[in-house]
Amino acid sequence: MKWVVLMLIAALAGCSDKPAAKADGTKIENAFHGALQDRSSKSADEALFVEKCGMCHRQMGMGTVILARRMKPEVAMLEARDDLTAALITTAARQGIGNMPRISRAEVSDAQLARIAAHLTTNAQRKAK
Amino acid sequence: MTINPAAYRAFAAAIGKDNVMLNDDDRIAYSDHFAADEAKHQPGAAIAPASAEEVRAVVRIANQYQVPLWPISRGKNFGYGGAAPVMKGSVILDLSRMKKIEVDAENGTVLVEPGVGFFDLYDYLQARKIPLWLSVPGNSWGSVAGNALDRGVGYTSYGDHAARICGLEVVLPDGDLVRTGMGAMAGNPSWQLYKPGFGPSWDSLFCQSNFGIVTKLGLWLMPEPESVQGYDFEFDKIDDLGWAIDTIMPLRREGVIQQSPSIGNWLRSAAVMTTRQQWTKDKGPLDEKVVTAIREKFKIGWWSVQVRFYGPAEITEASLRVLKKAFDGKPVLSMKPAKWTRGDPPEGSPVTGVPVSFPLANANWHGGRGGHVGYSPVLPPKGDLAMDQFKRTYDLYQKYGMDYHASFAMGERSLTNVNQILYDKDNADMMGRVDAMFRALVADASAHHYGEYRTHIDYMDLVAGSYDFNNHALRRLNERVKDALDPNGVIAPGKSGIWPKALRGDRS
């Protein structure tokens, strides 16, 4: 694990001539750019999402890279989804799903998980209106 | 094993009942999600104190009721057992709620609690615009302190994380609290600045051990350099491994190269960015046609290595010339320069300390629920020995039908042959082969008197057993220390093959 990343960045640089699209969160630009995540937030709930989940579910996160294989890459980042429910989010976090490990209550409390779910269901709620 | 319910009541009274987690979901949350049989190392419960004082209270109760605790910092030690204990039924002591960070920006040091992850520390430094860089591992989700204590590695010249530890605060197995190095003097301002202290130095005794619970860890951080320069090398042939190592190692020994270049094979990129089914439907080891297709797609050699220099431009440019000269006239497939200078936009990769998690995607190589286990023997840094090690290991991968996935990391005086054996945990046949191959690999290393630097909870006794000088004298010493510090055997029984007296019969 420790050493794979450098290789990968070099490899991606080699196979892409044009600057890669950022939209799906799985592409990086070249050997010296692009794995840097946007760690910013506009609300307390979003900040909590960034702190607890962003490492895997924002740009170039493990979750984003794998989800891009299973759905349209432009919705591989959870914050781009408009079909998430609080129940699905809670189950995925507590039971794990695919390669995602279970998240303990010490790492993310039930109350924090509810706030993260509120942030991630914003699009779905907007769509329902 | 059964734990006296009175112990849980006492834990709850000490740290709050919400922080004592006893249900089935809690037990599976701390199991090894890379394991085919998660029950094998399933903990009995988890407790999560928020301070060193609460840890001390927990440890005193554990002694009273003979409760084996398995301390974790954040529990992301994937490939080595994750959060799970060696001994089934142990109670996880989860320190992930302890997240204090104290940075000394001027001196380039940090004092972290165990719950601080690499992303947390990165965010902390960025928010305050402190020009210090992290050295991150490929899985930066984990704990800064936990990774250093398990002797994890990163990409920069600060990549030997255990070597950058400077001062610890430790709760001992009897609940006493100690600070090491200069921290042993109350109020001493050099705790994070001077490593040895006075008399014996204790920091390394708490690495990969079960002699205490680290509640604070001092670490040196790299001041942001003026420039980063280097080359990405690709090598076409399998046999290029030997001379490539022999070309780089003299510069590593002299200190011209200060990070640990890691030369690895074509599967490193393919396993992260793609799945196996995208290349072949064939179940056996990948054939030359597939290897060629992967190499063409990613434009890589059989082997690849990145070398980087950090510092003032005058120095990195001169170093680059020395490196280039060393490779003059040698059959390199390609050699691509890389450069970042202060003032450029953030370059955004682990070589400049940006935390990442995407390398973990290689657990999905076989599709479905996957994982990996690390096999990493240490050998002298010589090309012919590396070639020999490669050939023997490669033959075992072929024999057991697994995909070769390995690298050789060049330390100042050693090579660490890091293998990540990638598997599908739902394929029982494959899991049987992985276990058999792992044992064959350890036996092969032992036959050459090579030892591993780190291992999975399943294999701690196996690997500890391979350190056999004078009929396992080191293990006897470790266990004498264990018995002296932890007579009730409450801290991490079995960690690194070190068992407390009462449980030595459990050694596998």
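Strand 16 of chain B spans residues 370-375. Six of its six residues are buried, so the strand is largely enclosed by the rest of the structure. This picture comes from a predicted model.

In a regular strand the side chains alternate between the two faces of the sheet. Strand 16 of chain B has residues pointing both ways. B:G370, B:H372 and B:G374 point one way. B:G371, B:V373 and B:Y375 point the other way. All of these residues are buried.

Strand 16 of chain B pairs with strand 19 of chain B, which covers residues 415-424. The pairing is antiparallel and runs over six bridges. Within it, B:G371 has B:Y423 as its bridge partner.

Strand 1 of chain B runs antiparallel to strand 2 (residues 45-47) of chain B, and two bridges join them. Here B:V20 stands opposite B:I47 of strand 2.

## An exposed loop residue

Where does B:M185 sit? Its place is in the loop between strand 9 (177-179) and strand 10 (213-220) of chain B. B:M185 has 53% relative accessibility, so it counts as exposed, the cut-off being over 50%.

B:M185 and B:F198 are 13 residues apart in sequence. In space they are 9.9 Å apart, C-alpha to C-alpha.

Key: Residues are numbered from 1 along each chain as its sequence is written. Chains are lettered from A and ligands numbered from 1 in the order in which they are written. This is a predicted model: local features need pLDDT of at least 70, side-chain atom pairs count only at pLDDT 80 or more; totals for chains, interfaces and linings use all residues. Side-chain values use heavy atoms; hydrogens and water are left out. Buried means under 20% relative accessible area, exposed over 50%, partly exposed in between (1.4 Å probe, protein chains only). Helices (H or I, at least four residues) and strands (E, at least two) are DSSP runs, numbered from the N terminus. Two strands pair if DSSP finds at least two bridges between them.
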